[in-house]
Amino acid sequence: MFVFFDVDRTLLDFDTAAELGIKNVFDKFRAEIKTDYAEFLFQWRKWAQFYFDEYSEGKWTHWEQKRMRLWKTFQVTGGIELSYEEADRRFAFYEKVYEENICLFPDVISVLDALQKAGVPMGVITNGEEPIQLAKLERFGLKKYFDVVVVSSSAGVSKPDPEIGRLAAEKIGNPDPSEIFFIGDSLAHDIPLALALGWKGIFINRSGKKYDVPAGIMEIHSLQEIVPQITGSFQK
């Protein structure tokens, strides 16, 4: 048996840190913005996902997709055509706040400790740039828990493409797919990957919102919920 985790929004509280950064940008440039904060936040998140998905498809570099989400957000909410240089400066301002506030969810260390103590092998499959994702694992003391880390930039393919999962499975000796768990927060990227490969997908819904979760997918609201099931399965 093997357990793979996603990183952002599964292990790391990405959204709280990101929203603090977005609010700081909104406050700093309020005079240029023609919408309220709720609409600015909505547009930022919309274009952040749009350009990240295009980056994952190879249409932008990692930095270009950051630049474009900010450029597009100001275009839509303020009618402003920022230069790329100014968009870069503003994104750097956002990123500084984000970096200062990103943190682990409170359930992460206790759950990883419990799984490691039970002898459960673990790994990571994440979209993004490998140096950035590895730095996050290092910063928060997570690298020691994972035998395998697969990042889309080095794999050459991104979730939900099943190929990234096949590459990860090869690294652990291609066990029976039914013996692989994959825990992630995204019904667009993580869960389709698990379903395509016959893995046991677990959707972590930290928001508590209602989602149309595919049949056969376990939905949890805290990582603590998985410990009895995984350790029990591992000991059988």
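Which side chain does lysine 143 meet in a salt bridge? The side chains of lysine 143 and glutamate 138 meet in such a bridge, at 3.5 Å from N to O. A salt bridge is defined here as a side-chain nitrogen of Lys or Arg within 4 Å of a carboxyl oxygen of Asp or Glu.

The structure is a predicted model, in which local features need pLDDT of at least 70 and side-chain atom pairs count only at pLDDT 80 or more, while totals for chains, interfaces and linings use all residues. Residues are numbered from 1 along each chain as its sequence is written, and side-chain values use heavy atoms, with hydrogens and water left out.

By the salt-bridge rule, the count comes to 18.

| Pair | N to O distance |
|---|---|
| Arginine 9 and aspartate 15 | 2.7 Å |
| Arginine 45 and glutamate 19 | 3.0 Å |
| Lysine 143 and glutamate 138 | 3.5 Å |

Arginine 45 belongs to helix H2 (residues 37-56) and glutamate 19 to helix H1 (residues 14-28), so their pairing ties together parts that lie 26 residues apart in sequence. Helices are DSSP runs of H or I with at least four residues, numbered from the N terminus.

Accessibility is classed as buried under 20% relative accessible area, exposed over 50%, and partly exposed in between (1.4 Å probe, protein chains only). Arginine 9 is partly exposed at 29%, as is aspartate 15 at 34%. Lysine 143 is partly exposed at 42%.

Salt bridges with shared partners also join Glu32, Glu86, Arg89 and Arg90 into one network.

Methods:
Helices (H or I, at least four residues) and strands (E, at least two) are DSSP runs, numbered from the N terminus.
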